[in-house]
Amino acid sequence: MESIEYCRHKLNINTPMVYASDLNVSGSKSELLANLVKEVCGTTYLSGPSGKDYLDLNYFNHINVEYFKPNVDHYYSTLQDLCG
């Protein structure tokens, strides 16, 4: 959680953070995700691109689902010369 708090601070994100474990919701998989959004009065669920393959949209009535695909021009790795 410290890394998330660090990023929130660096990005100047000051909105309250809510832990799913603190909410009184039930369900599993897509149903649980939709219930979490509803519990916090959310209107949009932001998913990674592979969410199209596993989300059951039947649970997302009145919730907008958006798929985010980051546009990355350069990929870098910290693994260098491991055999050398």
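Predicted model: local features only at pLDDT ≥ 70, side-chain atom pairs only at ≥ 80, totals over all residues.

Q: Why is cysteine 7 called partly exposed, and why is cysteine 41 called exposed?
A: Buried means under 20% relative accessible area, exposed over 50%, and partly exposed in between (1.4 Å probe, protein chains only). Cysteine 7 has 42% and is therefore partly exposed. Cysteine 41 has 67% and is therefore exposed.

Q: What is the phi of cysteine 41, and what is that of histidine 62?
A: Cysteine 41, in the loop between α2 and β1, has a positive phi of about 60° although it is not a glycine. Histidine 62, in the loop between α3 and β2, likewise is not a glycine and has a positive phi of about 65°. Most residues other than glycine have a negative phi. Histidine 62 has 80% relative accessibility and therefore counts as exposed.

Q: Which elements does the protein have, in order from the N terminus on?
A: The elements run α-α-β-α-β, giving 3 helices and 2 strands. Both kinds are DSSP runs numbered from the N terminus: helices are H or I with at least four residues, and strands are E with at least two.

Q: Why is serine 47 called buried, and which residues is it in contact with?
A: Serine 47 is found in strand β1. Its relative accessible area is 2%, so the residue is buried. Beyond its neighbours within four places in sequence, serine 47 is in contact (heavy atoms within 4.5 Å) with Tyr54, Leu55, Glu66, Tyr67 and Phe68. Over the 84 residues of the protein, buried ones make up 14%.

Q: What makes tyrosine 45 and phenylalanine 60 an aromatic pair?
A: The rule counts rings of Phe, Tyr and Trp (its six-membered ring) as paired if their centres lie within 6.5 Å; planes under 30 degrees apart are stacked, over 60 edge-to-face, and the rest tilted. By this rule there is 1 aromatic pair. Tyrosine 45 and phenylalanine 60 are 5.6 Å apart centre to centre with 45° between the planes, and the pair is tilted. Tyrosine 45 belongs to strand β1 (residues 44-47) and phenylalanine 60 to the loop between α3 (51-54) and β2 (64-67), so the pair ties together parts that are 15 residues apart in sequence. Tyrosine 45 and phenylalanine 60 are both buried.

Q: What lines the largest pocket, and which classes are found in the lining?
A: The lining residues are Pro16, Met17, Val18, Ala20, Leu23, Leu33, Leu36, Val37, Val40 and Tyr45. Helix α2 (residues 30-39) gives the largest share, 3 residues. The lining has 10 nonpolar, no polar and no charged residues.

Q: Why is asparagine 24 said to count as exposed?
A: Asparagine 24 has 73% relative accessibility and therefore counts as exposed. This residue is found in the loop between α1 (2-10) and α2. Asparagine 24 and leucine 36 are 12 residues apart in sequence and 8.8 Å apart in space, C-alpha to C-alpha.

Technical notes:
Residues numbered from 1 in each chain as written. Heavy atoms only, no water. 1 Å grid on protein atoms, 1.4 Å probe; cavity = no way out; pocket = protein on both sides within 12 Å on 5 of 7 lines; lining within 4 Å. Nonpolar A, V, L, I, M, F, W, Y, C, P; charged D, E, K, R; others polar.
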